[in-house]
Amino acid sequence: MAETEQTGKDEARRRYEFRKMLERLQEKEGSGTELISLYIPPDKQIYDVTAQLRDEFGQCANIKSKQTKTNVQSALSSILARLKNVKSPPPHGMAVFSGAVNTGGDKSTFETIIVDPPEPLGTYLYRCSSSFELEPLRQMLEEKFVYGLLVLDRRESYWGFLRGNRIEPISGTTSTVPGKQRKGGQSAARFERLRLIAINEYYKKVGERASETFLAEKDFFERFKGVLIGGPTPTKEEFAAGDYLHHEVKKKMLGLFDVAYTNESGLAELVDAAGEALKGVDLMREKAIMSKFFKELTKDNGVAAYGEESIRKNLEAGAVDILLLSTKLRESRLEIRCGACGYTEERTIRMEPGKKVSDIDFGNCPKCTSPLILDAETDIIEELTNLADQSSTTVEIISDDFEEGAMLVNAFGGIAAILRYRTGL
């Protein structure tokens, strides 16, 4: 179990870093079709790739715009220079992005970025565009395993998916099953018979629609790990015992769980109720950690802390046992200095989508009034993680796709910790 948990932690950090890298690439734009995206799968011969790139270089002579022709040829030359010493692609292949990237004010800077993908690339791709082609890498962020969720009673039902640590509601339906009180003029036996027919038809409708949704999941036989069914007794037992779900879905049924709600809200309740069956799933591990944090927070002598300043001090003191960081954190730690007198300071700023540090006016030096300039920029998760590693602190990257995870970012700024001991910092 300990090894599984460590794998989950490492995977969460890798996914965060990979997602951030994609966000940075997504922000880069070129003028016209000047940005080159090149995907080389592990079984592709480098000789064949360089041959095509040289051919593309020759074809650039047909480009009418002199600037576009120059920039595309420069990008091709840069890629060819980097492939010159590559005998064969890495085990997962490689993705190369090159071109003149706009920096604002009709200015651009030339960049060539090589990405080692976390999974093997399946196809070879060469493309010129005004932005980098990232879809093959985005697909690698998709959850590898999913669970089907279904909650129902005799009035309504709802179904969806659990993808890693994210609950994805899909759809639901309501029934026309009459209540237990019959109308006047009907015999009790006839009324009960009609009611059982209505229940059976309703179960069939739920089973067909939910099965259709689950079977449509990409790579169903590999990715779909099982279905959880929730509801009151005896409804869920009746449904599970009948042949209402498709036989392939029914074979993957993991268990029945008591839940009070059978609408969209019931999906989260089902996941909580199925904690034992989902042990080891990222969401349950993150929920348990956040539960521990909230428990410590409410104690008079609890060992919980939150806020960047407090957490930084506790990390420097070596007092943090578990560092909690939200995947929604988009902040940078900046080192700023005065080029005239040597004054330095550090600042943390929130990086809005599309915002660049180069666009920020840092003001003037408080000592000599000369303009302050940027000396270094570090992603705050990377910076705090490095601090944590110095004192063997466990780092947890927490998703905001569940209630407790959303509270971490909305109520505590996305930075919190469970301490080894109370410090008062």
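Reader: Which residues touch the most other members in the largest nonpolar core?
Author: This is a predicted model. In it, the largest nonpolar core has 47 residues, and L278, L323, L324 and L325 touch the most other members.

Reader: Where does the largest share of this core come from?
Author: From helix 10, which supplies 6 residues.

Reader: And what is L324 in contact with, leaving aside its neighbours within four places in sequence?
Author: The list is I289, M290, F293, E396, I398, L408, G414, I415, A416 and A417.

Reader: What other core lies apart from it?
Author: Another core, of 21 residues, lies apart from the largest one. Its members include F161, I199, Y202 and V249.

Reader: Are R285 and E396 buried or exposed?
Author: Both are buried.

Reader: OK, salt bridges in general. How many does the count come to?
Author: The count comes to 28 salt bridges. Some of them form a network, which links R163, R166, E168, E217 and R223.

Reader: What about D375, which residue does it pair with?
Author: D375 forms a salt bridge with R337, and their closest N and O atoms are 2.8 Å apart. D375 lies in strand 14 (residues 372-379) and R337 in strand 12 (residues 331-338), so this pair ties together parts that are 38 residues apart in sequence.

Reader: How accessible is D375? And R337?
Author: D375 has 44% relative accessibility, so it counts as partly exposed. R337 is partly exposed too, with a relative accessible area of 30%.

Reader: Now K251. Which side chain does it meet in a salt bridge?
Author: The side chain of E248, at 3.2 Å from N to O.

Reader: Is K251 buried or exposed? And E248?
Author: K251 is exposed, with a relative accessible area of 63%. E248 is buried, with a relative accessible area of 18%, and buried means under 20%.

Reader: How far is R154 from E248?
Author: They are 94 residues apart in sequence and 24 Å apart in space, C-alpha to C-alpha.

Reader: Where is the place of R154, then?
Author: In the loop between strand 5 (146-152) and strand 6 (156-163).

Reader: What does R154 touch?
Author: Not counting residues up to four places away in sequence, R154 touches S175, V177, R195, I199, Y202, Y203, P234, T235 and E238. With E238 there is also a polar contact of 2.7 Å between the side chains.

Reader: Switching to helix 2. What should its 14 residues span?
Author: At 1.5 Å a residue, the 14 residues of helix 2 (residues 46-59) should span 20 Å. The expected span is 1.5 Å times one less than the number of residues. The end C-alpha atoms are 20 Å apart, which agrees.

Reader: Which residues in helix 2 are buried?
Author: I46, V49, T50 and L53 are buried. They cover an arc of only 95° around the axis, which puts them on the same side of helix 2.

Reader: What covers them?
Author: The cover includes strand 1 (35-40), helix 3 (66-83) and strand 4 (125-129).

Key
Residues numbered from 1 in each chain as written. Predicted model: local features only at pLDDT ≥ 70, side-chain atom pairs only at ≥ 80, totals over all residues. Heavy atoms only, no water. Helix = DSSP H or I, 4+ residues; strand = E, 2+ residues; numbered from the N terminus. Buried < 20%, exposed > 50% of the residue type's maximum accessible area, 1.4 Å probe, protein only. Arc of directions from axis to C-beta. Contact = heavy atoms within 4.5 Å. Salt bridge = Lys/Arg side-chain N within 4 Å of Asp/Glu carboxyl O. Polar contact = N/O pair within 3.5 Å; in protein donor to acceptor, adjacent residues only side chain to side chain. Core = buried A, V, L, I, M, F, W, Y, C linked by side-chain atoms within 4.5 Å.
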